Amino acid sequence: MMKKKLLFPALFILVFAVLIYSENLAIDPDIRSGEYTETSPDIDMGIDDYESEELPVSESAMNESSPAMPSAALKSIYFGDVKISAALALPAMDDFNSLAGENGFQKISYALSFDIVLGYKISEFLSLGPKIGFIKGISDGVTTNDSAEINLIPAAGGLTGGIFLADNKLRVSAGIYGGYAFVNGKITEYVPIAEASQAAELSGNGIYADGFIDINLIIDSVMSAGISAGYRYAPMGPLSAKGAYSDIIKDSAGKDVSADFSGFNIGINFSMNY
């Protein structure tokens, strides 16, 4: 289990190492800056020894416009980008789902996540900035009048690095973010005798981290869209509860359980430069 959890972070570290290495490759300063300085030939040529020759130029060549600037060059004029993503996540939820099985309410089998990342370019390949999100746990399992609703709200900051491929038609990027997250939710139990429901309001918090890899198709110099895959580390707990049903979050040993949102996710993203 520990090897599995370490595999994905190791992959992100490797990707970042490749990106940083590619950024530091020796490139002629004139090429990096886009400027070219013409040097004079070493051989002195007299005016009398030089004869100008006028080359024929077709009319179509004269009317031909300059080639379009590559997408990567166009992107370099922007300060950063905004990325919006949506994904299907598979949270661990071991403690929480064990509790659900013991008390007859529905388990959290998957989650839907939504993220916004604001990036500010610090180099041609790297950007940094904040990230906020919303992850909603989806109940599934036995049909029951008792229900569970649990959500995660992360606030993080980090780095994203990317390179262009396929003649600037694709961009492959990877990011690592870390911060803090907050849990809110509710467990509701239906009481047949009273023909009413009683609920426990859930809350919790904890350390949050995630990493992702994006493969995006360049739509134009401003927009791109593609697929994302990543891993989230978010063990939240122990949870606390208030309300008439507050003792529901205690396990058989009397300990408050946690809500572990850690797990893999896959989805889509849309990015726009600014």
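Which ring does the charged end of Arg171 sit over?

**View 1. Arg171 and Phe164 in the predicted model.** The charged end of Arg171 sits over the ring of Phe164. The distance to the ring centre is 5.8 Å.

**View 2. Helix H5 and its buried side.** Helix H5 runs through residues 94–103. Its buried residues are Phe96, Asn97, Leu99 and Ala100. They lie on the same side of H5, because they cover an arc of only 155° around the axis. An α-helix has 3.6 residues a turn, so residues three or four places apart point the same way. The cover over the buried residues of H5 includes strands S2 (107–121), S4 (147–165), S5 (170–191) and S6 (196–218). The face turned away from the buried side carries exposed Asp94, Gly101 and Glu102. Just after H5, Gly104 has a positive phi of about 80°.

**View 3. The aromatic pair Tyr177 and Phe212.** A search of the whole structure gives three aromatic pairs. In this one, the ring centres are 6.0 Å apart and the planes meet at 20°, so the pair is stacked. Tyr177 is in strand S5 and Phe212 in strand S6, 35 residues apart, so the pair links distant parts of the chain. Both Tyr177 and Phe212 are buried. Lys83 lies over the face of Phe212, 3.6 Å from the ring centre.

**View 4. The aromatic pair Tyr231 and Phe264.** This pair is edge-to-face, with 4.9 Å centre to centre and 65° between the planes. It links distant parts of the chain: Tyr231 belongs to strand S7 (residues 223–233), and Phe264 to strand S11 (residues 263–273). Tyr231 is buried, at a relative accessible area of 13%. Phe264 is partly exposed, at 44%.

Terms used
Residues numbered from 1 in each chain as written. Predicted model: local features only at pLDDT ≥ 70, side-chain atom pairs only at ≥ 80, totals over all residues. Heavy atoms only, no water. Buried < 20%, exposed > 50% of the residue type's maximum accessible area, 1.4 Å probe, protein only. Helix = DSSP H or I, 4+ residues; strand = E, 2+ residues; numbered from the N terminus. Arc of directions from axis to C-beta. Contact = heavy atoms within 4.5 Å. Phe/Tyr/Trp six-rings, centres within 6.5 Å; stacked < 30°, edge-to-face > 60°. Lys NZ or Arg CZ within 6 Å of the ring centre and 35° of its normal.
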